[in-house]
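Follow the chain through its sheet, its hairpin and its loops. Keep the model in view as you read.

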Amino acid sequence: MRNTWQLQRAKAEFSKLIDTSIEKGPQTVTRHGRPAAVVMSPTEYQRLTTRQPDFKAFLRRAPLYQLS
C-alpha cells in the first residue's frame with residue numbers, strides 16, 4: 001500500500017490520488033522530499049474535525065442523585 005506521492009506525480013495522477021484516498025485512507029503529498037499536504041476523503045475529514053463530546057461537561061450537566 002503506497003500512501004506517499006511526490007507532488008509531480010500527484011498532479012499528473014490527481015484523479016487516482018483522490019480515488020486512493022477514498023479507498024485506502026489519507027495520502028501524503030511531498031514537495032522536495034518533505035510532507036506538504038494530506039489528501040483524505042470527506043468522511044475521514046469529518047471524523048477528524050467533528051467535535052467529540054466533552055466528558056467533564058457531560059458530568060456537569062448530569063442530574064445529581066443522592067446515594068443512600
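Start at Ser41. Its side chain reaches the backbone nitrogen of Glu44 at 3.1 Å. That is a polar contact: a pair of N or O atoms within 3.5 Å, where within protein one must be able to donate a hydrogen and the other to accept it, and residues adjacent in sequence count only if both atoms are side-chain atoms. Ser41 lies in the loop between β3 and α3. Helices (H or I, at least four residues) and strands (E, at least two) are DSSP runs, numbered from the N terminus. Ser41 counts as buried, at 12% relative accessibility. Buried means under 20% relative accessible area, exposed over 50%, and partly exposed in between, with a 1.4 Å probe and protein chains only. Ser41 also touches Ser21 and Ile22, leaving aside residues up to four places away in sequence. Contact here means heavy atoms within 4.5 Å.

A word on the basis of these values. The model is predicted, so local features need pLDDT of at least 70 and side-chain atom pairs count only at pLDDT 80 or more, while totals for chains, interfaces and linings use all residues. Residues are numbered from 1 along each chain as its sequence is written, and side-chain values use heavy atoms, with hydrogens and water left out.

Now turn to the sheet. Three strands form an open sheet in the order β1-β2-β3, with mixed pairing. β1 and β3 stand at the edges with a single partner strand each, so one side of each has no neighbour in the sheet. Neighbouring strands are turned by 35° against each other on average, direction ignored. Helix α2, residues 14-24, packs on this sheet and touches β1, β2 and β3. Its direction makes about 140° with that of β2. Axes are lines fitted to C-alpha atoms, for helices over the stretch in contact, and angles run from 0 to 180 degrees between N-to-C directions.

β2 and β3 (residues 34-39) run antiparallel, joined by five bridges. Two strands pair if DSSP finds at least two bridges between them. Gln6 stands opposite Thr30, and in β3 the bridge partner of Thr30 is Pro35.

Stay in β2 for Gln27. Is Gln27 buried or exposed? Gln27 is buried, with a relative accessible area of 0%. Its side chain makes a polar contact of 2.9 Å with the side chain of Trp5. The side chain of Gln27 also reaches the backbone oxygen of Gly25 at 2.9 Å.

The charged end of Arg9 sits over the Trp5 ring, 3.8 Å from its centre. For this, NZ of Lys or CZ of Arg must be within 6 Å of the ring centre and within 35 degrees of the ring normal.

Next comes the hairpin of β2 and β3. Two residues lie between the strands. His32 is in this loop. Its phi is near 55°, a positive value in a residue other than glycine. Most residues other than glycine have a negative phi. His32 is exposed, with a relative accessible area of 77%.

Finish in the loop between α3 (42-49) and α4 (55-61), where Asp54 is found. Thr50 is found in the loop between α3 and α4 too. Thr50 is partly exposed, with a relative accessible area of 37%. A polar atom of its side chain lies 2.5 Å from the backbone oxygen of Gln46. Asp54 is partly exposed at 41%. The Asp54 side chain reaches the backbone nitrogen of Lys56 at 3.3 Å.
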